[in-house]
Amino acid sequence: DKDQESSSHETPEKVVVDPSNLVDFVGKPVFHAERIYNETPVGVVMGLAWTAMGGSTLYIETTSIEQGEGKGGITLTGQLGEVMKESAQIAYTVARAVLLEKEPENQFFANTKLHLHVPAGATPKDGPSAGCTMITSLLSLAMNRPVKRDLAMTGEVILTRRILPIGGVKEKTIAARRSDVKSIVFPSANRRDFDELATNVKEGLQVHFVDEYREIYDLAFGESESHTQ
């Protein structure tokens, strides 16, 4: 009994946990920021994805392969599923129409063979919610204009340029915060999903809710502001 009494009064050893030894106590991070660029170059746009592990940021990047009269076309890579391939074709059609309106003399799409890629190449990807990101990537390259810094977007786009709702709002919002995104574009139909999130998840983010691609164009390339949270 005396041994138990004396041991109960022993002062526990002091343990200091700081960034240098945090991994020893809790293990390696489950998630990490997928941010590749501090400022996205021309033709590159950050999107938001939902995976079985939660949300993640994802880049869409487009570059030109060759140019010449009538060489217009597009190649897709990045282990894209059928739905995502269809989104890319829709994006290509919409981007061509938007460019015709914004810069009628610009023959980039008609005369340029393009390559659209979605890193990471080893990860299968599918779903329609990268449609708006793909359009923006294509237009960025065609107009030689980078998108605004610290902007990420998600939304399905149809041929009439309407923006349809997406899933995984909470996970995508957390992923954006983890990658130090300052502004997010969500479909207007997802406003309620976002409003229901905890305050600490939404804190520090400027969120734009959009109904059609014109609003995303303005936000990405800086022509005007859209409806914000």
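The following legends describe close-up views of a predicted model.

View 1. Seven strands form an open sheet, arranged in the order β3-β4-β2-β1-β5-β8-β9, and their pairing is mixed. The edges are formed by β3 (73–77) and β9 (206–210), each of which pairs on one side only. On average, neighbouring strands of this sheet are turned by 30° against each other, direction ignored. In general, the strands of a sheet pair through backbone hydrogen bonds, either parallel or antiparallel.

**View 2. The pairing of strands β1 and β5.** Strand β1 (residues 44–51) and strand β5 (residues 151–153) run parallel and are joined by 2 bridges. Within this pairing, methionine 46 stands opposite alanine 152 of β5.

**View 3. Two helices that pack on the sheet.** Helix α3 (residues 82–102) packs on the sheet, where it touches β3 and β4 (112–117). The direction of helix α3 makes about 150° with that of β3. Helix α5 (residues 131–143) also packs on the sheet, touching β1, β2 (54–67), β3, β4 and β5. The direction of helix α5 makes about 35° with that of β2.

View 4. An unreviewed UniProt entry lists Ser129 and Lys172 under "active site". Serine 129 belongs to the loop between β4 and α5, whereas lysine 172 belongs to helix α6 (residues 169–178).

View 5. Is serine 129 buried or exposed? With a relative accessible area of 17%, serine 129 is buried, because the term applies to values under 20%. Neighbours within four places in sequence aside, serine 129 is in contact with Leu48, Thr154, Gly155, Glu156, Ile166 and Lys172.

**View 6. The surroundings of lysine 172.** Lysine 172 has a relative accessible area of 1% and is therefore buried. Which residues does lysine 172 touch, not counting those up to four places away in sequence? They are Leu48, Ala49, Trp50, Gly55, Ser129, Thr154, Ile166 and Gly167. Among these residues, Ser129 is the other position that the UniProt entry lists for "active site". The side chains of lysine 172 and threonine 154 are joined by a polar contact of 3.1 Å. Threonine 154 is also one of the residues in contact with serine 129.

Definitions and conventions
Residues are numbered from 1 along each chain as its sequence is written. This is a predicted model: local features need pLDDT of at least 70, side-chain atom pairs count only at pLDDT 80 or more; totals for chains, interfaces and linings use all residues. Side-chain values use heavy atoms; hydrogens and water are left out. Two strands pair if DSSP finds at least two bridges between them. Helices (H or I, at least four residues) and strands (E, at least two) are DSSP runs, numbered from the N terminus. Axes are lines fitted to C-alpha atoms, for helices over the stretch in contact, and angles run from 0 to 180 degrees between N-to-C directions. Contact means heavy atoms within 4.5 Å. UniProt positions are given in the numbering used here, feature names are shortened, and annotations may be inferred rather than shown by experiment. Buried means under 20% relative accessible area, exposed over 50%, partly exposed in between (1.4 Å probe, protein chains only). A polar contact is a pair of N or O atoms within 3.5 Å; within protein, one must be able to donate a hydrogen and the other to accept it, and residues adjacent in sequence count only if both atoms are side-chain atoms.
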